[in-house]
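Please read them with the structure open.

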Amino acid sequence: MKHIIIRCKASITRLRRRYGNTPGERGATLVEALISVALVSLILVSILSGFAQQQTMTRRNSDKNTAILLGEARLEELLKFPANQLQPETYVDFVVQKLNSFEVYSETATPPNMARQFRRTTTISLDPKGQLAYIRVVVEYGRTKQSVGNNSDSVYPYQVGFSTKRMLR
């Protein structure tokens, strides 16, 4: 039994020498603990900021996909009309995405002040000979507020555009 106790003490002494824990040391100092907490917090902050940036990019890409969908839908809608009904004009409407549906507001109405808002501008023009109709649809998205004096306007920093030609005869 005495032999086993001596061997255990020798093993403990070897472990203490190997890992730097001598009988005089009792544990980590306050400075070491603060440094480890600072390192862990730095790592966590960098990871969390990456998540926030990823979420922002996901939202922006989602808005771009929605803008493309709205532009293509308007173009398809105009291509279904008989060619002789296409008249030169420009009109703007506002589209607001709500969960799984869209609400469309005309240009004459007050533009809605809502999140996930898109401004869709459709321009139809004719060539000088009157044989072709040029159709252009621009969808602007990413609305932000910009205040100048007492007036606050919506600014759309991003846009996607579509254009096509159609024979009138």
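1. The protein contains two helices and seven strands, where helices (H or I, at least four residues) and strands (E, at least two) are DSSP runs numbered from the N terminus. In sequence order the pattern reads α-α-β-β-β-β-β-β-β.

2. On provenance: this is a predicted model, in which local features need pLDDT of at least 70 and side-chain atom pairs count only at pLDDT 80 or more, while totals for chains, interfaces and linings use all residues. Residues are numbered from 1 along each chain as its sequence is written, and side-chain values use heavy atoms, with hydrogens and water left out.

3. Five strands form an open sheet in the order β2-β1-β3-β4-β7, with antiparallel pairing; two strands pair if DSSP finds at least two bridges between them. The edge positions belong to β2 (101-106) and β7 (158-167), and each has a single partner strand, so one side of each lacks a neighbour in the sheet. On average, neighbouring strands of this sheet are turned by 20 degrees against each other, direction ignored. The axes behind that angle are lines fitted to C-alpha atoms (for helices over the stretch in contact), and angles run from 0 to 180 degrees between N-to-C directions.

4. The pairings can be checked one at a time. β1 and β2 are antiparallel and share six bridges, with Phe 102 in β2 as the bridge partner of Gln 97. Two residues lie between the strands of the β1 and β2 hairpin, where Leu 99 takes a positive phi near 50 degrees. Strand β1 (residues 89-98) also pairs with β3, in the antiparallel sense, over eight bridges. Strand β3 (residues 117-126) is in turn joined to strand β4 (residues 132-141) by eight bridges, and these two run antiparallel.

5. Within β3, Arg 119 is the bridge partner of Phe 94, and Glu 140 in β4 is the bridge partner of Arg 119. The side chains of Glu 140 and Arg 119 also meet in a salt bridge (2.8 Å, N to O), a term that requires a side-chain nitrogen of Lys or Arg within 4 Å of a carboxyl oxygen of Asp or Glu. Since Glu 140 lies in strand β4 and Arg 119 in strand β3, the pair ties together parts 21 residues apart in sequence. Glu 140 counts as buried at 13% relative accessibility, and Arg 119 is partly exposed at 24%. Buried here means under 20% relative accessible area, exposed over 50%, and partly exposed in between (1.4 Å probe, protein chains only).

6. The salt-bridge count by this rule is six. Another of them joins the side chains of Asp 63 and Arg 116 (2.7 Å, N to O). This pair links distant parts of the chain, with Asp 63 in helix α2 and Arg 116 in the loop between β2 and β3, 53 residues apart. Asp 63 counts as buried at 11% relative accessibility, whereas Arg 116 is partly exposed at 21%.

7. Arg 120 and Asp 93 also meet through their side chains in a salt bridge (2.9 Å, N to O). Arg 120 is in strand β3 and Asp 93 in strand β1, 27 residues apart. Both residues are buried. Salt bridges that share partners join Arg 74, Glu 77, Asp 93 and Arg 120 into one network.

8. What surrounds Met 114, leaving aside neighbours within four places in sequence? Met 114 is in contact (heavy atoms within 4.5 Å) with Val 96, Lys 98, Tyr 105 and Arg 143. The residue sits in the loop between β2 and β3 and is partly exposed, with a relative accessible area of 27%. Met 114 and Val 96 are 18 residues apart in sequence, and their C-alpha atoms are 7.2 Å apart.

9. For the chain as a whole, 22% of the 169 residues count as buried. Of the contacts with a separation of 6 or more, 53% are between residues 24 or more positions apart. The accessible surface comes to about 12,700 Å², of which 57% belongs to carbon and sulfur atoms; such areas come from the Shrake-Rupley method with a 1.4 Å probe, and for residues only the protein chains shown count as cover.

10. Val 31, Ile 35, Leu 39 and Leu 42 make a nonpolar surface patch of about 410 Å². Patches are made of residues with over 30% relative accessible area and no salt bridge, like charges being joined within 9 Å and nonpolar side chains (Val, Leu, Ile, Met, Phe, Trp, Tyr) within 5 Å. Leu 39 lies in helix α2 (residues 30-80).
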